[in-house]
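The sequence and structure come before the details.

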Amino acid sequence: MNEQAVGWYNEASDQSHQRRFGLIANFTDALQANDELYLVYQPRLDMVSGEYIGAEALIRWNHPTLGAVSPMEFVPLIERTPLARELTDWVIRNAVRQAAQWREQGNELQISVNIAAANLEEENFCDRLLHYLKQAGLQRNAVELELTESSLMNNNKAASEQLHCIASSGLSLAIDDFGTGYSSLAYLQNIPARVVKIDRAFIDGIENNDRKQVLVRAMISMTQELGYRVVAEGIETEAAHRLLKNFGCDEVQGYLFGRPMKQKEFERWLEGA
Ligand code: C2E
Ligand code: MG
Ligand code: MG
């Protein structure tokens with residue numbers, strides 16, 4: 001009985017190990033192929049004007065044999081390998097190209113891209129981004145970088161240099177998944193971010209949860225007093241939207257306004273918005 005249980009366990013862990021290994025091995029090909037990776041865009045809405053002012057670019061992988069693989073599965077794997085550089089470079093180049101195309105069509109949307117802690121260890125990360133923006137004829141605020149709270153914590157010298165370059169050259173930085181990373185808020189003193197995105201874990205079910213309401217209201221007033229613009233992620237209901245409006249939240253993003261959409265679908269959606 002025990003032996004069987006151990007056998008089962010090993011088989012399952014072996015399969016998941018193989019899957020993870022396979023995903024990492026196949027990702028290099030995915031970067032070269034032009035039909036496996038693509039970006040989807042989710043709109044971000046200004047609470048006061050009600051206008052759409054930006055979109056978050058989110059990566060999708062259509063694997064040739066496994067089909068759709070969630071970024072929640074493959075991004076953390078890739079971020080632990082040297083391919084983290086290629087992943088983010090791919091996302092940034094595509095997001096910059098898209099921002100330039102939309103600008104030509106008269107839509108000045110700021111596109112946010114998610115980057116990994118490892119990217120801040122790249123010596124020329126900030127310069128490369130500035131180069132892409134210049135090449136595309138875009139302003140520096142055309143792209144915003146999102147970094148999770150946890151990745152901002154292990155902020156060494158190399159990372160501090162990149163953060164300094166990001167801030168001093170007028171690039172916008174957002175703290176993603178705010179509230180989930182660490183209990184210490186000390187890092188807020190040294191991070192040159194402009195935006196804080198409250199994690200959707202706090203927003204989910206907020207309309208029926210008094211404690212979440214207290215937490216979110218406190219997070220909004222604290223971060224606003226520190227000078228940040230506050231975005232709430234994961235708004236799914238009108239009731240949640242109303243609450244966040246009352247709390248003075250600056251921007252919202254969530255299924256209620258628009259799901260992450262492929263380029264063409266996003267453009268159609270913009271026309272109707
Ligand atoms: P994130 O950056 O916090 O992105 C927000 C996630 O919440 C997205 O999931 C989005 O689809 C989902 N979401 C937005 N609104 C709602 C809502 O109203 N309800 C619900 N239930 N979910 C909502 P997605 O696209 O699966 O991405 C998951 C995570 O994977 C992202 O979290 C980010 O950490 C990572 N990721 C995605 N694309 C990239 C990328 O291009 N580069 C990097 N480094 N990470 C990425
Ligand atoms: Mg994000
Ligand atoms: Mg987030």
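What volume does the second largest pocket have? The second largest pocket has a volume of about 320 Å³. The largest pocket holds about 1100 Å³ of space, and ligand 1 takes up the largest pocket.

The model is predicted, with local features requiring pLDDT of at least 70 and side-chain atom pairs counting only at pLDDT 80 or more, while totals for chains, interfaces and linings use all residues. Residues are numbered from 1 along each chain as its sequence is written, chains are lettered from A and ligands numbered from 1 in the order in which they are written, and side-chain values use heavy atoms, with hydrogens and water left out.

**Largest pocket**

- A pocket is an open set of points on a 1 Å grid over the protein atoms alone, where a 1.4 Å probe fits, with protein on both sides within 12 Å along at least five of seven lines.
- A volume is the space filled by probe spheres set on the points, which are joined across faces, edges and corners.
- The largest pocket is lined by 37 residues, and E56, L58, M72, N114 and D176 are the closest to its centre; lining residues have an atom within 4 Å of a point.
- At least two lining residues come from each of β2 (52–63), α2 (71–79), α3 (83–104), β5 (143–148), α5 (149–153) and β6 (172–178); helices (H or I, at least four residues) and strands (E, at least two) are DSSP runs numbered from the N terminus.
- By class, the lining of the largest pocket has 15 nonpolar, 11 polar and 11 charged residues; Ala, Val, Leu, Ile, Met, Phe, Trp, Tyr, Cys and Pro count as nonpolar, Asp, Glu, Lys and Arg as charged, and the others, Gly among them, as polar.

**Ligand 1**

- An N or O atom in the side chain of Q42 is 3.0 Å from a nitrogen atom of ligand 1.
- An oxygen atom of ligand 1 lies 2.9 Å from a polar side-chain atom of N114, and a nitrogen atom of ligand 1 lies 2.5 Å from a polar side-chain atom of E236.
- On its own, ligand 1 has 800 Å² of accessible area, and the protein covers 87% of that area (Shrake-Rupley method, 1.4 Å probe).

**Second largest pocket**

- Among the 15 lining residues, Y38, L39, N94, R97 and Q263 lie nearest the centre of the second largest pocket.
- α1 (2–32), β1 (37–46) and α3 give two or more residues to this lining, and α3 gives the most, with 5 residues.
- The lining of the second largest pocket divides into 7 nonpolar, 6 polar and 2 charged residues.

Definitions and conventions:
A polar contact is a pair of N or O atoms within 3.5 Å; within protein, one must be able to donate a hydrogen and the other to accept it, and residues adjacent in sequence count only if both atoms are side-chain atoms. A molecule sits in a cavity or pocket if more than half of its atoms lie within 2 Å of its grid points.
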